[in-house]
Amino acid sequence: MTPAERGRIIKEARIAKKMTQSEVVGSFITRNMLSQIESGNATPSVKTLEYLAQTLDIPISELMPRGDEEAYSEPAADLERLIRAKELFSEREYSQAIDVIGDESEWGDLSDEFYAILARCYYGLAETIAEENTARAVEYAREAAALAERGIYANPAVKTEALKLLNSLAERLSSYYAGLISEIT
């Protein structure tokens with residue numbers, strides 16, 4: 001897909017939604033940049049394409065190059081899965097985000113991004129269920145700590161938070177078992 005073809009798709013989608021360039025750009029990009037993209041004089045970043053696809057309600061796959069593997073190595077389906085996982089994460093739908101991400105063998109070139117989101121999702125799950133299911137929360141926190149170390153987006157802060165939660169859960173379990181023992185003796 002040429003920049004001119006991409007620009008035409010974006011412009012047609014904007015006009016079909018009866019939106020001005022200023023309405024589309026919001027505070028994300030400038031109106032001048034959108035004008036350049038629509039005229040085919042600028043190539044937007046993936047993040048900008050993601051924003052435009054969401055704003056204009058068009059599948060991002062319609063804006064991605066076809067058959068030009070060097071220009072963009074991730075298949076559009078993987079990118080759509082990543083975008084959906086990010087949306088679910090931001091909505092605190094951690095289990096659904098994990099399901100959308102799927103198995104590591106399916107990730108292609110987006111493994112670093114998926115590791116980062118998974119680490120945060122498992123931490124979110126652990127935190128959410130810590131009061132009601134300590135054993136499962138421990139599993140999730142351990143998974144979060146392990147995933148937080150993987151990929152180029154490794155995040156020591158997520159690992160630290162997961163380990164703090166693990167420590168808190170261990171203390172809670174220790175108190176629980178100490179209480180059981182004292183009841184027997």
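In this predicted model, the axes of helix α8 (residues 134–147) and helix α9 (residues 156–184) come within 8 Å. They cross at roughly 155°. Angles over 145 degrees count as roughly antiparallel, and α8 and α9 are therefore roughly antiparallel to each other. Their crossing is left-handed. On the α8 side, the contact is built from Thr134, Ala137, Val138, Ala141, Arg142, Ala144 and Ala145. These residues meet Lys159, Ala162, Leu163, Leu165, Leu166, Leu169, Arg172 and Leu173 of α9. By class, the α8 contact with α9 holds 11 nonpolar residues, one polar residue and three charged residues.

The crossing of α1 past α4 is left-handed. Helix α1 contributes Arg6, Ile10, Ala13 and Arg14 to the contact. Helix α4 contributes Leu49, Leu52 and Leu56. Five residues of this contact between α1 and α4 are nonpolar and two are charged. No polar residue takes part.

Burial in α4 extends to Thr48, Leu49, Glu50, Tyr51, Leu52, Ala53 and Leu56. Among these buried residues are Leu49, Leu52 and Leu56, which also form the α4 side of the contact with α1. Asp57 follows α4. This residue lies in the loop between α4 and α5 (76–90).

The backbone at Asp57 was examined next. Most residues other than glycine have a negative phi. Asp57 is not a glycine, yet its phi is positive, near 55°. The relative accessibility of Asp57 is 58%. Residues over 50% count as exposed, so Asp57 is exposed. A positive phi is also found at Arg92, with a value of about 65°. Arg92 is likewise a residue other than glycine. Its place is in the loop between α5 and α6 (94–101). With 64% relative accessibility, Arg92 counts as exposed.

Gln21 is found in helix α2 (residues 21–25). The relative accessibility of Gln21 is 15%. Buried means under 20%, so Gln21 counts as buried. The Gln21 side chain takes part in polar contacts with two charged residues. One joins the side chains of Gln21 and Arg31 at 2.7 Å. Another joins the side chains of Gln21 and Glu38 at 2.8 Å. With neighbours within four places in sequence set aside, Gln21 is in contact with Arg14, Arg31, Leu34, Ser35 and Glu38. Of these, Arg14 belongs to α1 and is part of the contact with α4.

Phe114 is found in helix α7 (residues 111–129). Its relative accessible area is 0%, and Phe114 is therefore buried. Residues up to four places away in sequence aside, Phe114 touches Asp78, Arg81, Leu82, Ile101 and Trp107. Gly102 lies 12 residues from Phe114 along the chain. The C-alpha atoms of Phe114 and Gly102 are separated by 9.3 Å.

Key. Residues are numbered from 1 along each chain as its sequence is written. This is a predicted model: local features need pLDDT of at least 70, side-chain atom pairs count only at pLDDT 80 or more; totals for chains, interfaces and linings use all residues. Side-chain values use heavy atoms; hydrogens and water are left out. A crossing is left-handed if the near helix is turned anticlockwise from the far one by less than a right angle, and right-handed if clockwise. Helices (H or I, at least four residues) and strands (E, at least two) are DSSP runs, numbered from the N terminus. Contact means heavy atoms within 4.5 Å. Buried means under 20% relative accessible area, exposed over 50%, partly exposed in between (1.4 Å probe, protein chains only). A polar contact is a pair of N or O atoms within 3.5 Å; within protein, one must be able to donate a hydrogen and the other to accept it, and residues adjacent in sequence count only if both atoms are side-chain atoms. Axes are lines fitted to C-alpha atoms, for helices over the stretch in contact, and angles run from 0 to 180 degrees between N-to-C directions. Angles under 35 degrees count as roughly parallel, over 145 as roughly antiparallel, 65 to 115 as roughly perpendicular and the rest as oblique.
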